[in-house]
Amino acid sequence: QIFNQHNAEAPNLEQAFHRMAQMEPNLDHDVSWFLLPSYWAKMVVALISFLCFANSYDGDFVFDDSEAIINNKDLRAETPLGDLWYHDFWGSKLSSNTSHKSYRPLTVLTFRINYLFAGGFYPVGFHVINIILHCTISVLMVDVFSILLGGLQFSNKGRRLNLAPKSSLLAALLFAVHPVHTECVAGIVGRADLLCALFFLLSFLGYCKAFRENKEGHTFSVFWVLVSVVLGAIAMLCKEQGITILGLNAVFDALVINKINLLELIRKLLYKDKALENAGLLRKGLLFRITLLMCGGASILYIRWRIMGTGPPAFTEVDNPASFADNLFVRAINYNYYYSLNAWLLLCPWWLCFDWSMGCIPLIKSVSDWRIIALAALWFCLIGLICQALCSEDSHKRRILTLGLGFLIIPFLPASNLFFRVGFVVAERVIYLPSIGYCILFTYGFSLLSKQAKKKKILAVAVLGILLINVMRCALRSSQWRSEEQLFRSALSVCPLNAKVHYNVGKNLADKGNQSAAIKYYREAVRLNPKYVHAMNNLGNILKERNELHEAEELLSLAVQIQPDFAAAWMNLGIVQNSLRRFEEAEQSYWTAIKHRKKYPDCYYNLGRLYADLNRHVDALNAWRNATVLKPEHSLAWNNMIILLDNTGNLAQAEAVGREALELIPNDHSLMFSLANVLGKSQKYKESEALFLKAIKANPNAASYHGNLAVLYHRWGNLDLAKKHYEVSLKLDPMAPGTKENYNLLRRKLEQLQKKGG
């Protein structure tokens, strides 16, 4: 045991209380583990945590990264910085009915800084920051675990003493290499959990600093208590779980600083014992500090509630089916089953999945379901630990078990469905903070086994083996998070009943052009979840492209029947109806899509195509103009306007539209080509030639570009250049319409000229 070195003069009671000098067992006495100086211990933890996740540094943007980063306008420089404080994590207005209500402006701010420094969406910088954050958090864990496992004590110089160097190193290593953390580190969206954990720990360490004796001899510093509250608020601005640190600081204060025996306190309260001071409840400063924490927490929650609005986020049944169960018993049973699954992921993190919703975990609807055993096992262990934490005569044991359970349970409460419905069934990312409690309990269990074991080295080797297995599992899981294909396919064996897994595998295959394989996975997604409208929409799209129009129409009609405000499905249904030449129905579908999504440029574009097919030229031009107003870079809409005006003989208007389009999209070769055609017809040969050549430079293998340039030269009288480009066009596409006929005409003309010259 390490003690403070005192002056010859005995310290007063306040000084003794401040320094926490205590004669209790030291956890390290029983732990057979490595003893390293603090600096080296932190270096080892940092290195090993880096090795676990280093191979994720050059991974892609995967899964939720697309919505939270690539499609999030809050990352762009043109979005005012102040908007971050009124938008949710995904870039939607918090006041919107469709908002997820996840308010994490500081996390989004770090994404924005990443984006600006990288000069675009390059994932390497995002991944590197995540890895650095996890390494930093793991290093901080050495200090945190030294306090939680060894107690809080300072030297005469005010330096905090590490009374459990071996135990804190083991616990920090367990935390650093836990495979369940892979989602937070390798998935960029996990930045929210990492930043939250960082400020969560800083808040705890700041609260501990409040008890370092100051020059005035005060037993605690109000300043550091307030700093802890501010850091807790910052943690919550990174992710909602951060607010729970204020409750944990209060628990730590009561158990470690004031050494309150909870069971004794409960007894005194039940019997209305007037001597509560002896139980430690009214010890100097405790109520004041807890009041500060409570007031700070209440203020933070009030401000958060005002910003978020009074309405809770809207989730669907597929996100969290248990929360939609009518029977209270069914809800309670399934919530507890979810808790047991989270506990199992901490104990055995072998089956990991990016998403546990959509049928991955079927509801328990009867007590005859064998999965009830998992609930019984969870509560048997929890009740046993709680009894030991409350009733043990060993104060050291009581303190460690209570802190372990506190750090395991309290940070998990926001994800427990107890206070509000959450939008997931199981999410590995939310176990990042609760794993602190798991590491405390594991380390304490290891110390008890070491105390009883005769061959302690064998036990130490076993723990080393667990650490090594976890390191390898982290590396393997990190490699799966490097690309969507690997990530989605890895989930098929873990959650074969999850419709979203099959949907994502199908979408990934479709993006790569493998439509036949994609259809198989989309069909399975719809089979597993007959109301999965997004799978129906994507499957309908592929069938539409394969000209299987009737089945596509059935799927899309069913999708809009299930979800009447599904704008994308209405638009795709309109495209299918247009292909089936049911023009009135198609027009109605397009307008229904626009009704549900006011700013829908692609739908206006397709509506314009419908009007063009019906020779309603003015309506077509208006629809395409609406598309370009909503999306100025909509190249197809600009092109169609130019072509329609060209075909109807409005060359001046076509030229004006083409020039307007090229000002907005100067590097679009298809626009250059369309405008060059118009200029050629207007006999502006020089300017037309320049645009054709520029388009060919951008896309040299387009046969039509060479063919139309040849036509320009043909009209212009540059016959040799015309011949050259006709030949290039025919080489690229021997079946190019009209090119062969024009080339034959040119050859006959050249032959006639040669005869005349001869």
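Author: Residues are sorted here by class, with Ala, Val, Leu, Ile, Met, Phe, Trp, Tyr, Cys and Pro counted as nonpolar, Asp, Glu, Lys and Arg as charged, and the others, Gly among them, as polar. The structure discussed with these classes is a predicted model.

Reader: By class, how many nonpolar, polar and charged residues does the lining of the largest cavity have?
Author: The structure holds 3 cavities of 30 Å³ or more, and the largest cavity has a volume of about 90 Å³. Its lining is made up of Val 62, Phe 63, Asp 64, Asp 65, Glu 183, Gly 187, Ile 188, Val 189, Gly 190, Asp 193, Arg 429 and Trp 481. Because Gly counts as polar and Asp, Glu and Arg count as charged, the lining divides into 5 nonpolar, 2 polar and 5 charged residues.

Reader: Is α23 roughly parallel or antiparallel to α25?
Author: The axes of helix α23, residues 567–579, and helix α25, residues 601–613, come within 10 Å and cross at roughly 15°. Because angles under 35 degrees count as roughly parallel, α23 and α25 are roughly parallel.

Reader: Which residues in α25 meet α23?
Author: Where α23 passes α25, the crossing is left-handed. The α23 side of the contact consists of Met 571, Ile 575 and Asn 578, and these meet, in α25, Asp 602, Cys 603, Asn 606, Leu 610 and Asp 613.

Reader: Are α10 and α12 roughly parallel or antiparallel to each other?
Author: Helix α10, residues 244–257, and helix α12, residues 286–308, have axes that come within 9 Å and cross at roughly 170°. Since angles over 145 degrees are counted as roughly antiparallel, the relation of α10 to α12 is roughly antiparallel.

Reader: By class, how many residues of each kind does the contact of α10 with α12 have?
Author: From α10 the contact takes Leu 246, Asn 249, Ala 250, Asp 253, Ala 254 and Ile 257, while α12 supplies Leu 286, Arg 289, Ile 290, Leu 293, Gly 296, Gly 297 and Ile 300. Sorted by class, these are 8 nonpolar, 3 polar and 2 charged residues.

Reader: What handedness does the crossing of α5 with α6 have?
Author: Helix α5, residues 123–150, packs against helix α6, residues 165–176, at an angle of about 145°, with the axes 8 Å apart. Among the residues in contact are His 134 and Phe 145 in α5 and Ser 167 and Phe 175 in α6, and by class the contact has 9 nonpolar, 5 polar and no charged residues. The crossing of α5 with α6 is right-handed.

Definitions and conventions
Residues numbered from 1 in each chain as written. Predicted model: local features only at pLDDT ≥ 70, side-chain atom pairs only at ≥ 80, totals over all residues. Heavy atoms only, no water. 1 Å grid on protein atoms, 1.4 Å probe; cavity = no way out; pocket = protein on both sides within 12 Å on 5 of 7 lines; lining within 4 Å. Points joined across faces, edges and corners; volume = space filled by probe spheres on them. Axes fitted to C-alpha atoms, helices over the stretch in contact; angles between N-to-C directions. Helix = DSSP H or I, 4+ residues; strand = E, 2+ residues; numbered from the N terminus. Parallel < 35°, antiparallel > 145°, perpendicular 65-115°, else oblique. Left-handed = near helix turned anticlockwise from the far one by under 90°. Contact = heavy atoms within 4.5 Å.
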